[in-house]
Amino acid sequence: MIIDFHAHNTLRETDILLQSALRNGISKVVLLGDVLRFGYYPTEAQIREINDDTIHAVKKVPDLCYGFCFLNPANDPSFMLEELDRCLQEHAIKGVKLEVSVNCRDDLLHPVMEKLQEYNLPLLHHCWYKTVGKCKDESDPSDIAYLARLFPSVKMVMAHLAGCGYRGIEDIVECPNVYVDTSGGQPVAGLVEYAVRRLGSARILFGSDAPYRDVTCQLGRICRAALDEESKDRILYRNAKDLLKS
Amino acid sequence: MILDMNLSWGHWPFQYFGFPNLPDMIHFLEKAGIRGGLVRSAEAAFAPDLELCNRKLFEDLKGADAFIPVPAVSPFYSEWKALCDSSKASVCAIFPGYHGYSVLSDEFAALAETFEKKNRTLLIVVRQEDERAQNKLCRIPAVPIDEINALGKRHPGLRIICVNCYFGELQPLLKDTPNIFADIAFVETLNTLDTVIEKIGCQQIVFGSHTPFLYTEAALRKLRDSSADKKVMDSIAFQNAKRIVNYWIHL
(Lines give C-alpha, C1' and ligand atoms only; values in the text may rest on other atoms or scores of the structure.)
Protein backbone atom coordinates (compact mmCIF):
# COMPACT_ATOMS: atom_id res chain seq x y z
CA MET A 1 0.00 0.00 0.00
CA ILE A 2 1.25 3.47 -0.88
CA ILE A 3 -0.11 6.93 -0.06
CA ASP A 4 1.15 9.89 -2.08
CA PHE A 5 1.07 12.78 0.39
CA HIS A 6 1.93 15.53 -2.07
CA ALA A 7 0.13 15.88 -5.41
CA HIS A 8 -1.68 18.72 -7.14
CA ASN A 9 -5.00 18.60 -8.93
CA THR A 10 -4.65 20.81 -11.98
CA LEU A 11 -7.41 21.53 -14.44
CA ARG A 12 -6.32 19.23 -17.21
CA GLU A 13 -4.07 16.66 -15.61
CA THR A 14 -5.82 15.20 -12.56
CA ASP A 15 -7.23 12.17 -14.39
CA ILE A 16 -3.84 11.37 -15.93
CA LEU A 17 -2.20 11.85 -12.54
CA LEU A 18 -4.60 9.44 -10.86
CA GLN A 19 -4.14 6.85 -13.61
CA SER A 20 -0.40 7.11 -13.15
CA ALA A 21 -0.81 6.73 -9.39
CA LEU A 22 -2.93 3.59 -9.75
CA ARG A 23 -0.51 2.11 -12.28
CA ASN A 24 2.27 2.56 -9.73
CA GLY A 25 0.46 0.88 -6.87
CA ILE A 26 -0.62 4.06 -5.07
CA SER A 27 -3.87 3.55 -3.21
CA LYS A 28 -4.47 7.09 -1.94
CA VAL A 29 -3.44 10.51 -3.22
CA VAL A 30 -3.48 13.73 -1.22
CA LEU A 31 -4.57 16.54 -3.55
CA LEU A 32 -3.25 19.90 -2.40
CA GLY A 33 -4.92 22.04 -5.05
CA ASP A 34 -3.73 23.87 -8.14
CA VAL A 35 -1.84 26.24 -5.86
CA LEU A 36 0.03 28.26 -8.48
CA ARG A 37 -2.87 28.62 -10.89
CA PHE A 38 -3.33 32.32 -10.05
CA GLY A 39 0.25 33.12 -9.09
CA TYR A 40 1.85 33.50 -5.67
CA TYR A 41 -0.74 35.79 -4.08
CA PRO A 42 -4.25 34.43 -4.76
CA THR A 43 -7.28 36.52 -3.81
CA GLU A 44 -10.14 35.20 -1.71
CA ALA A 45 -12.23 34.42 -4.80
CA GLN A 46 -9.29 32.58 -6.36
CA ILE A 47 -8.68 30.60 -3.16
CA ARG A 48 -12.34 29.57 -3.16
CA GLU A 49 -12.11 28.47 -6.80
CA ILE A 50 -8.99 26.37 -6.15
CA ASN A 51 -10.63 24.69 -3.14
CA ASP A 52 -13.86 24.08 -5.07
CA ASP A 53 -11.80 22.23 -7.68
CA THR A 54 -10.12 20.14 -4.98
CA ILE A 55 -13.43 19.26 -3.32
CA HIS A 56 -14.87 18.34 -6.73
CA ALA A 57 -11.84 16.18 -7.57
CA VAL A 58 -12.04 14.35 -4.23
CA LYS A 59 -15.79 13.81 -4.46
CA LYS A 60 -15.34 12.36 -7.94
CA VAL A 61 -13.08 9.57 -6.65
CA PRO A 62 -13.43 9.56 -2.86
CA ASP A 63 -11.86 6.12 -2.51
CA LEU A 64 -8.68 7.34 -4.13
CA CYS A 65 -8.25 10.94 -2.95
CA TYR A 66 -8.01 13.15 0.09
CA GLY A 67 -7.98 16.92 -0.23
CA PHE A 68 -6.22 19.72 1.60
CA CYS A 69 -7.64 23.22 1.94
CA PHE A 70 -5.36 25.79 0.27
CA LEU A 71 -5.12 29.16 2.00
CA ASN A 72 -3.31 32.46 1.62
CA PRO A 73 -2.57 33.91 5.09
CA ALA A 74 -2.43 37.40 3.57
CA ASN A 75 -6.19 37.23 2.95
CA ASP A 76 -8.57 38.49 5.63
CA PRO A 77 -8.30 36.19 8.70
CA SER A 78 -12.07 35.84 8.97
CA PHE A 79 -12.26 34.70 5.34
CA MET A 80 -9.43 32.23 5.92
CA LEU A 81 -11.16 30.59 8.86
CA GLU A 82 -14.56 30.57 7.14
CA GLU A 83 -12.97 28.97 4.09
CA LEU A 84 -11.36 26.28 6.21
CA ASP A 85 -14.69 25.56 7.91
CA ARG A 86 -16.47 25.51 4.56
CA CYS A 87 -13.98 22.96 3.21
CA LEU A 88 -14.20 20.84 6.34
CA GLN A 89 -17.98 20.71 6.09
CA GLU A 90 -17.52 19.10 2.69
CA HIS A 91 -15.86 16.17 4.48
CA ALA A 92 -13.24 16.00 1.78
CA ILE A 93 -10.52 17.94 3.50
CA LYS A 94 -7.85 16.47 5.77
CA GLY A 95 -5.52 19.41 6.36
CA VAL A 96 -4.28 22.80 5.19
CA LYS A 97 -1.76 23.61 2.46
CA LEU A 98 0.25 26.83 2.48
CA GLU A 99 2.53 27.91 -0.34
CA VAL A 100 4.72 31.01 -0.75
CA SER A 101 2.40 33.98 -0.27
CA VAL A 102 3.50 34.63 3.33
CA ASN A 103 6.67 33.50 5.08
CA CYS A 104 5.72 31.11 7.85
CA ARG A 105 7.43 33.22 10.54
CA ASP A 106 4.72 35.83 10.00
CA ASP A 107 2.04 36.29 12.68
CA LEU A 108 -0.52 36.16 9.86
CA LEU A 109 -0.28 32.37 10.12
CA HIS A 110 -1.35 32.28 13.74
CA PRO A 111 -5.15 32.23 13.24
CA VAL A 112 -4.90 29.22 10.94
CA MET A 113 -2.41 27.46 13.22
CA GLU A 114 -4.74 27.95 16.18
CA LYS A 115 -7.58 26.48 14.16
CA LEU A 116 -5.47 23.50 13.13
CA GLN A 117 -4.58 22.99 16.77
CA GLU A 118 -8.27 23.07 17.72
CA TYR A 119 -9.29 20.66 14.94
CA ASN A 120 -6.18 18.45 15.26
CA LEU A 121 -5.40 18.74 11.55
CA PRO A 122 -1.99 18.81 9.85
CA LEU A 123 -0.43 21.66 7.90
CA LEU A 124 1.58 20.93 4.77
CA HIS A 125 3.85 23.87 4.00
CA HIS A 126 5.97 24.48 0.92
CA CYS A 127 9.65 24.69 1.84
CA TRP A 128 13.02 24.95 0.11
CA TYR A 129 16.58 26.13 0.71
CA LYS A 130 17.17 27.85 -2.60
CA THR A 131 20.50 29.12 -3.85
CA VAL A 132 18.77 30.79 -6.80
CA GLY A 133 15.18 31.63 -7.65
CA LYS A 134 13.81 32.11 -4.14
CA CYS A 135 10.44 33.88 -4.00
CA LYS A 136 10.15 36.96 -1.79
CA ASP A 137 8.25 35.32 1.07
CA GLU A 138 9.17 31.68 0.46
CA SER A 139 9.80 29.69 3.65
CA ASP A 140 12.92 27.65 4.28
CA PRO A 141 13.37 24.84 6.83
CA SER A 142 14.56 27.22 9.56
CA ASP A 143 11.28 29.12 9.14
CA ILE A 144 9.33 25.86 9.42
CA ALA A 145 11.23 24.98 12.61
CA TYR A 146 10.38 28.42 14.05
CA LEU A 147 6.66 27.93 13.43
CA ALA A 148 6.78 24.35 14.69
CA ARG A 149 8.23 25.52 18.01
CA LEU A 150 5.48 28.14 18.38
CA PHE A 151 2.79 25.51 17.79
CA PRO A 152 4.27 22.24 19.05
CA SER A 153 0.95 20.43 19.10
CA VAL A 154 0.21 21.09 15.41
CA LYS A 155 1.56 18.42 13.12
CA MET A 156 3.36 19.96 10.19
CA VAL A 157 4.69 18.49 6.96
CA MET A 158 7.72 20.27 5.55
CA ALA A 159 7.45 19.75 1.80
CA HIS A 160 10.27 18.87 -0.61
CA LEU A 161 13.03 16.82 1.00
CA ALA A 162 15.39 17.32 -1.96
CA GLY A 163 14.82 21.07 -1.84
CA CYS A 164 15.41 21.22 1.92
CA GLY A 165 18.56 19.12 1.71
CA TYR A 166 20.86 18.02 4.52
CA ARG A 167 20.70 21.34 6.34
CA GLY A 168 16.92 21.38 6.16
CA ILE A 169 16.78 17.97 7.79
CA GLU A 170 19.03 19.22 10.58
CA ASP A 171 16.78 22.25 11.13
CA ILE A 172 13.82 20.07 12.11
CA VAL A 173 15.61 17.32 14.04
CA GLU A 174 14.46 18.79 17.35
CA CYS A 175 10.92 19.54 16.18
CA PRO A 176 9.09 16.24 16.70
CA ASN A 177 5.86 17.69 15.33
CA VAL A 178 7.46 18.20 11.89
CA TYR A 179 7.43 15.53 9.17
CA VAL A 180 9.12 15.87 5.79
CA ASP A 181 7.76 14.70 2.46
CA THR A 182 10.11 13.23 -0.11
CA SER A 183 8.88 15.26 -3.08
CA GLY A 184 10.68 17.93 -4.99
CA GLY A 185 13.76 18.30 -7.10
CA GLN A 186 15.86 15.52 -8.51
CA PRO A 187 16.03 12.12 -6.79
CA VAL A 188 19.39 12.89 -5.20
CA ALA A 189 20.96 9.66 -3.95
CA GLY A 190 21.53 9.27 -0.22
CA LEU A 191 19.16 11.99 0.98
CA VAL A 192 16.31 9.68 2.01
CA GLU A 193 18.74 7.49 3.96
CA TYR A 194 20.16 10.58 5.68
CA ALA A 195 16.67 11.77 6.62
CA VAL A 196 15.87 8.36 8.12
CA ARG A 197 19.14 8.38 10.05
CA ARG A 198 18.52 11.84 11.52
CA LEU A 199 14.74 11.95 11.90
CA GLY A 200 13.75 8.29 12.05
CA SER A 201 11.50 6.68 9.46
CA ALA A 202 8.36 7.68 11.41
CA ARG A 203 8.69 11.34 10.34
CA ILE A 204 9.06 10.85 6.59
CA LEU A 205 6.22 10.68 4.06
CA PHE A 206 6.30 9.75 0.41
CA GLY A 207 5.21 12.58 -1.86
CA SER A 208 5.49 12.91 -5.64
CA ASP A 209 4.62 16.57 -6.39
CA ALA A 210 2.86 15.25 -9.50
CA PRO A 211 1.90 16.46 -12.05
CA TYR A 212 4.97 18.71 -11.90
CA ARG A 213 6.96 15.53 -11.27
CA ASP A 214 6.62 11.92 -12.38
CA VAL A 215 5.01 9.60 -9.84
CA THR A 216 7.03 6.56 -10.93
CA CYS A 217 10.33 8.40 -10.89
CA GLN A 218 9.64 9.85 -7.44
CA LEU A 219 8.82 6.39 -6.12
CA GLY A 220 12.22 5.28 -7.36
CA ARG A 221 13.97 7.24 -4.66
CA ILE A 222 12.18 5.23 -1.95
CA CYS A 223 12.04 1.82 -3.58
CA ARG A 224 15.78 1.49 -4.08
CA ALA A 225 16.99 3.52 -1.11
CA ALA A 226 19.21 1.54 1.25
CA LEU A 227 16.50 1.12 3.89
CA ASP A 228 14.88 -1.85 5.59
CA GLU A 229 11.39 -2.88 4.53
CA GLU A 230 9.88 -1.59 7.78
CA SER A 231 11.20 1.92 7.08
CA LYS A 232 9.99 1.85 3.49
CA ASP A 233 6.54 0.73 4.60
CA ARG A 234 6.40 3.58 7.10
CA ILE A 235 7.46 6.16 4.50
CA LEU A 236 5.26 4.87 1.73
CA TYR A 237 2.15 4.19 3.75
CA ARG A 238 1.88 3.93 7.53
CA ASN A 239 3.03 7.42 8.52
CA ALA A 240 0.61 9.03 6.08
CA LYS A 241 -2.22 6.78 7.18
CA ASP A 242 -1.67 7.71 10.83
CA LEU A 243 -1.35 11.40 10.07
CA LEU A 244 -4.51 11.51 7.97
CA LYS A 245 -6.45 9.63 10.63
CA SER A 246 -5.54 12.00 13.46
CA MET B 1 19.17 -4.22 -22.63
CA ILE B 2 20.01 -0.76 -21.36
CA LEU B 3 23.05 1.42 -22.07
CA ASP B 4 23.56 4.36 -19.71
CA MET B 5 25.04 7.52 -21.25
CA ASN B 6 25.21 9.40 -17.97
CA LEU B 7 27.46 7.75 -15.38
CA SER B 8 30.15 9.31 -13.22
CA TRP B 9 32.87 8.12 -10.94
CA GLY B 10 35.20 9.88 -8.51
CA HIS B 11 34.81 12.30 -5.63
CA TRP B 12 32.27 15.08 -5.52
CA PRO B 13 32.63 17.81 -2.90
CA PHE B 14 28.90 18.19 -2.20
CA GLN B 15 27.67 14.62 -1.96
CA TYR B 16 28.86 11.27 -0.63
CA PHE B 17 28.20 8.52 -3.12
CA GLY B 18 26.76 5.25 -1.94
CA PHE B 19 29.27 2.92 -3.61
CA PRO B 20 32.55 2.13 -1.86
CA ASN B 21 34.30 1.36 -5.15
CA LEU B 22 33.71 1.32 -8.88
CA PRO B 23 33.33 -2.48 -9.27
CA ASP B 24 30.50 -2.31 -6.70
CA MET B 25 28.76 0.41 -8.69
CA ILE B 26 29.14 -1.52 -11.93
CA HIS B 27 27.89 -4.69 -10.30
CA PHE B 28 24.86 -2.75 -9.05
CA LEU B 29 24.20 -1.32 -12.52
CA GLU B 30 24.50 -4.72 -14.18
CA LYS B 31 22.11 -6.23 -11.67
CA ALA B 32 19.66 -3.46 -12.56
CA GLY B 33 19.85 -4.45 -16.25
CA ILE B 34 22.31 -1.76 -17.37
CA ARG B 35 24.74 -3.65 -19.56
CA GLY B 36 27.13 -0.82 -20.35
CA GLY B 37 27.54 2.90 -20.48
CA LEU B 38 29.70 5.99 -20.65
CA VAL B 39 31.50 6.82 -17.41
CA ARG B 40 33.06 10.24 -16.88
CA SER B 41 35.09 11.62 -14.03
CA ALA B 42 33.02 13.55 -11.49
CA GLU B 43 36.21 15.19 -10.25
CA ALA B 44 36.98 16.61 -13.67
CA ALA B 45 34.48 19.41 -13.02
CA PHE B 46 36.83 20.97 -10.45
CA ALA B 47 40.22 19.25 -10.70
CA PRO B 48 43.07 21.40 -11.98
CA ASP B 49 44.78 18.43 -13.69
CA LEU B 50 42.47 16.83 -16.23
CA GLU B 51 45.16 14.48 -17.46
CA LEU B 52 45.44 12.93 -13.99
CA CYS B 53 41.64 12.69 -13.71
CA ASN B 54 41.46 10.90 -17.02
CA ARG B 55 44.33 8.55 -16.17
CA LYS B 56 42.62 7.61 -12.89
CA LEU B 57 39.35 7.01 -14.69
CA PHE B 58 40.95 4.70 -17.26
CA GLU B 59 42.76 2.79 -14.51
CA ASP B 60 39.61 2.43 -12.40
CA LEU B 61 37.62 1.15 -15.37
CA LYS B 62 40.19 -1.40 -16.54
CA GLY B 63 38.38 -4.67 -17.17
CA ALA B 64 34.95 -3.07 -16.91
CA ASP B 65 34.25 -4.20 -20.46
CA ALA B 66 31.12 -2.39 -21.63
CA PHE B 67 31.48 0.56 -19.25
CA ILE B 68 33.56 2.96 -21.28
CA PRO B 69 35.72 5.70 -19.75
CA VAL B 70 34.99 9.11 -21.22
CA PRO B 71 37.94 11.46 -20.73
CA ALA B 72 37.28 15.08 -19.88
CA VAL B 73 38.66 17.76 -22.17
CA SER B 74 38.75 21.52 -22.10
CA PRO B 75 39.92 24.02 -24.72
CA PHE B 76 42.29 25.41 -22.07
CA TYR B 77 44.18 22.10 -21.66
CA SER B 78 46.05 21.06 -24.77
CA GLU B 79 45.65 17.38 -23.91
CA TRP B 80 42.50 17.36 -26.02
CA LYS B 81 44.60 17.36 -29.18
CA ALA B 82 46.41 14.16 -28.20
CA LEU B 83 43.16 12.57 -27.03
CA CYS B 84 41.55 13.39 -30.33
CA ASP B 85 44.21 11.33 -32.09
CA SER B 86 43.88 8.47 -29.64
CA SER B 87 41.66 5.48 -30.27
CA LYS B 88 40.86 5.53 -26.54
CA ALA B 89 38.68 8.60 -26.80
CA SER B 90 36.00 8.51 -29.43
CA VAL B 91 33.76 10.24 -26.87
CA CYS B 92 35.06 13.09 -24.69
CA ALA B 93 33.22 14.98 -21.97
CA ILE B 94 33.21 18.74 -21.56
CA PHE B 95 32.11 20.81 -18.54
CA PRO B 96 31.70 24.34 -19.97
CA GLY B 97 29.83 25.64 -16.90
CA TYR B 98 32.55 24.43 -14.53
CA HIS B 99 35.50 25.25 -16.76
CA GLY B 100 34.18 28.71 -17.55
CA TYR B 101 33.74 29.09 -21.29
CA SER B 102 31.03 29.25 -23.92
CA VAL B 103 30.68 26.49 -26.51
CA LEU B 104 30.40 29.29 -29.08
CA SER B 105 33.62 31.00 -27.97
CA ASP B 106 36.71 31.35 -30.14
CA GLU B 107 38.67 29.23 -27.65
CA PHE B 108 36.31 26.33 -28.17
CA ALA B 109 36.03 26.61 -31.96
CA ALA B 110 39.20 24.64 -32.77
CA LEU B 111 38.20 21.77 -30.48
CA ALA B 112 34.72 21.54 -32.00
CA GLU B 113 36.07 21.69 -35.53
CA THR B 114 38.66 18.96 -34.87
CA PHE B 115 36.13 16.71 -33.15
CA GLU B 116 33.81 17.05 -36.11
CA LYS B 117 36.58 16.38 -38.60
CA LYS B 118 37.84 13.33 -36.71
CA ASN B 119 34.35 11.93 -36.21
CA ARG B 120 34.49 12.17 -32.40
CA THR B 121 31.48 12.52 -30.13
CA LEU B 122 31.16 15.28 -27.56
CA LEU B 123 29.37 14.68 -24.28
CA ILE B 124 28.27 18.02 -22.82
CA VAL B 125 27.60 18.13 -19.09
CA VAL B 126 24.83 20.73 -19.11
CA ARG B 127 24.72 20.68 -15.32
CA GLN B 128 25.73 18.31 -12.53
CA GLU B 129 23.21 19.50 -9.95
CA ASP B 130 19.93 21.36 -9.72
CA GLU B 131 21.10 25.00 -9.60
CA ARG B 132 18.64 25.74 -6.79
CA ALA B 133 20.36 23.20 -4.56
CA GLN B 134 23.96 24.23 -5.22
CA ASN B 135 26.24 25.39 -2.46
CA LYS B 136 25.77 29.16 -2.08
CA LEU B 137 29.49 29.76 -2.54
CA CYS B 138 29.72 27.55 -5.59
CA ARG B 139 27.08 28.57 -8.05
CA ILE B 140 27.82 27.03 -11.41
CA PRO B 141 25.60 28.12 -14.28
CA ALA B 142 24.07 25.54 -16.59
CA VAL B 143 25.34 25.53 -20.16
CA PRO B 144 22.96 27.73 -22.18
CA ILE B 145 20.75 25.48 -24.27
CA ASP B 146 20.52 27.94 -27.17
CA GLU B 147 24.31 27.93 -27.42
CA ILE B 148 24.45 24.13 -27.67
CA ASN B 149 21.74 24.22 -30.32
CA ALA B 150 23.75 26.82 -32.26
CA LEU B 151 26.91 24.70 -31.88
CA GLY B 152 25.04 21.72 -33.32
CA LYS B 153 23.94 23.79 -36.29
CA ARG B 154 27.43 25.19 -36.81
CA HIS B 155 28.89 21.65 -36.83
CA PRO B 156 26.26 19.36 -38.32
CA GLY B 157 28.73 16.48 -38.52
CA LEU B 158 29.58 16.67 -34.82
CA ARG B 159 27.61 14.27 -32.63
CA ILE B 160 26.71 15.83 -29.30
CA ILE B 161 25.21 14.06 -26.29
CA CYS B 162 23.80 16.44 -23.66
CA VAL B 163 23.30 15.13 -20.15
CA ASN B 164 21.11 16.50 -17.36
CA CYS B 165 18.76 18.72 -19.36
CA TYR B 166 15.32 19.51 -18.02
CA PHE B 167 12.14 18.54 -19.87
CA GLY B 168 11.49 22.14 -20.90
CA GLU B 169 14.95 22.37 -22.46
CA LEU B 170 14.55 19.43 -24.83
CA GLN B 171 12.61 21.18 -27.55
CA PRO B 172 14.91 24.22 -27.93
CA LEU B 173 17.95 21.95 -27.62
CA LEU B 174 16.99 19.39 -30.24
CA LYS B 175 15.16 21.62 -32.70
CA ASP B 176 16.58 21.27 -36.22
CA THR B 177 19.70 19.52 -34.95
CA PRO B 178 19.54 15.76 -35.61
CA ASN B 179 23.17 15.52 -34.46
CA ILE B 180 22.26 16.46 -30.86
CA PHE B 181 20.98 13.89 -28.35
CA ALA B 182 19.76 14.22 -24.77
CA ASP B 183 19.52 11.80 -21.87
CA ILE B 184 16.54 11.39 -19.52
CA ALA B 185 18.14 11.66 -16.06
CA PHE B 186 16.87 15.19 -15.27
CA VAL B 187 13.88 15.03 -17.61
CA GLU B 188 10.73 14.76 -15.56
CA THR B 189 7.07 15.47 -16.11
CA LEU B 190 3.89 13.49 -15.67
CA ASN B 191 4.32 10.19 -17.59
CA THR B 192 7.79 11.32 -18.55
CA LEU B 193 8.77 9.09 -21.43
CA ASP B 194 5.37 8.94 -23.10
CA THR B 195 5.25 12.74 -22.99
CA VAL B 196 8.78 13.04 -24.37
CA ILE B 197 8.02 10.58 -27.16
CA GLU B 198 4.83 12.44 -28.03
CA LYS B 199 6.39 15.91 -28.05
CA ILE B 200 9.98 15.23 -29.13
CA GLY B 201 10.06 11.75 -30.64
CA CYS B 202 12.51 8.99 -29.70
CA GLN B 203 15.33 9.38 -32.21
CA GLN B 204 17.34 11.91 -30.19
CA ILE B 205 16.68 10.55 -26.71
CA VAL B 206 19.05 8.19 -24.87
CA PHE B 207 18.92 6.54 -21.50
CA GLY B 208 20.92 8.16 -18.72
CA SER B 209 20.58 7.79 -14.96
CA HIS B 210 23.23 10.19 -13.60
CA THR B 211 24.36 7.47 -11.19
CA PRO B 212 25.77 7.84 -8.54
CA PHE B 213 24.45 11.40 -8.11
CA LEU B 214 20.82 10.26 -8.43
CA TYR B 215 19.02 7.03 -7.54
CA THR B 216 19.42 4.82 -10.63
CA GLU B 217 15.96 3.41 -10.05
CA ALA B 218 14.33 6.77 -10.79
CA ALA B 219 15.51 6.70 -14.42
CA LEU B 220 14.86 2.98 -14.82
CA ARG B 221 11.27 3.45 -13.71
CA LYS B 222 10.74 6.07 -16.42
CA LEU B 223 11.52 3.35 -18.96
CA ARG B 224 9.35 0.75 -17.26
CA ASP B 225 6.37 3.06 -16.86
CA SER B 226 6.19 3.96 -20.55
CA SER B 227 3.47 2.54 -22.75
CA ALA B 228 5.53 2.95 -25.93
CA ASP B 229 6.06 -0.11 -28.11
CA LYS B 230 9.22 -2.20 -27.89
CA LYS B 231 10.86 -0.67 -30.94
CA VAL B 232 10.56 2.83 -29.53
CA MET B 233 11.68 1.75 -26.09
CA ASP B 234 14.69 -0.11 -27.48
CA SER B 235 15.77 2.98 -29.37
CA ILE B 236 15.86 4.97 -26.12
CA ALA B 237 17.22 2.16 -23.96
CA PHE B 238 20.16 1.23 -26.21
CA GLN B 239 19.72 1.48 -29.99
CA ASN B 240 20.31 5.22 -30.24
CA ALA B 241 23.35 4.91 -27.96
CA LYS B 242 24.84 2.22 -30.17
CA ARG B 243 24.20 4.33 -33.25
CA ILE B 244 25.81 7.44 -31.78
CA VAL B 245 28.83 6.02 -30.09
CA ASN B 246 29.62 2.91 -32.09
CA TYR B 247 30.73 0.89 -29.08
CA TRP B 248 28.95 -2.12 -27.75
CA ILE B 249 28.76 -3.85 -31.15
CA HIS B 250 29.32 -7.11 -29.28
CA LEU B 251 26.30 -6.59 -27.01
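This is a predicted model: local features need pLDDT of at least 70, side-chain atom pairs count only at pLDDT 80 or more; totals for chains, interfaces and linings use all residues.

1. The interface. Chain B and chain A bury about 2,700 Å² between them, and carbon and sulfur atoms supply 52% of that area. In chain B, the residues that lose the most area to chain A are Arg132(B), Leu190(B) and Tyr215(B), which together account for 32% of what that side buries. The contact involves 34 residues from chain A and 26 residues from chain B.

2. Polar links across the interface. Three salt bridges are counted between chain B and chain A. Arg23(A) pairs with Asp225(B) in a salt bridge, with 2.9 Å between the closest N and O atoms. There are also 16 residue pairs in polar contact across the interface of chain B and chain A. Helix H9 (residues 216-225) of chain B gives five residues, the largest share of the side of chain B that touches chain A. By class, that side has ten charged, ten nonpolar and six polar residues.

3. Arg213(A). This residue lies in the loop between strand S8 (204-205) and helix H8 (215-223) of chain A. Arg213(A) counts as buried because its relative accessibility is 11%, under the 20% cut-off. Beyond its sequence neighbours within four places, its contacts include Gly185(A) and Gln218(A) in chain A, and Arg132(B), Glu188(B), Thr189(B) and Leu190(B) in chain B.

4. Salt bridges within chains. Over all chains the count is 27 salt bridges. One of them joins Asp143(A) to Arg105(A), at 2.5 Å from N to O. Asp143(A) sits in helix H5 (residues 141-150) of chain A, and Arg105(A), 38 residues apart from it, in the loop between strand S4 (93-98) and helix H4 (110-119). Asp143(A) is buried at 7% relative accessibility, whereas Arg105(A) is partly exposed at 35%.

5. A pair in chain B. Asp130(B) and Arg132(B) form a salt bridge at 2.8 Å, N to O. Asp130(B) is buried, with a relative accessible area of 8%, while Arg132(B) is partly exposed at 24%.

6. Helix H9 of chain A. Arg234(A) and Glu230(A) meet in a salt bridge at 3.6 Å. The two are four residues apart in helix H9 (residues 229-245) of chain A, so about one helical turn separates them.

7. Leu31(A). Strand S2 (residues 26-31) of chain A contains Leu31(A), which is buried at 0% relative accessible area. Among the residues that Leu31(A) touches are Ala7(A), Val58(A), Cys65(A), Tyr66(A) and Phe68(A).

How values were computed: Residues are numbered from 1 along each chain as its sequence is written. Chains are lettered from A and ligands numbered from 1 in the order in which they are written. Side-chain values use heavy atoms; hydrogens and water are left out. Buried means under 20% relative accessible area, exposed over 50%, partly exposed in between (1.4 Å probe, protein chains only). Contact means heavy atoms within 4.5 Å. Buried area is the accessible area (1.4 Å probe) that two parts lose on being put together, summed over both. A salt bridge is a side-chain nitrogen of Lys or Arg within 4 Å of a carboxyl oxygen of Asp or Glu. A polar contact is a pair of N or O atoms within 3.5 Å; within protein, one must be able to donate a hydrogen and the other to accept it, and residues adjacent in sequence count only if both atoms are side-chain atoms. Ala, Val, Leu, Ile, Met, Phe, Trp, Tyr, Cys and Pro count as nonpolar, Asp, Glu, Lys and Arg as charged, and the others, Gly among them, as polar.
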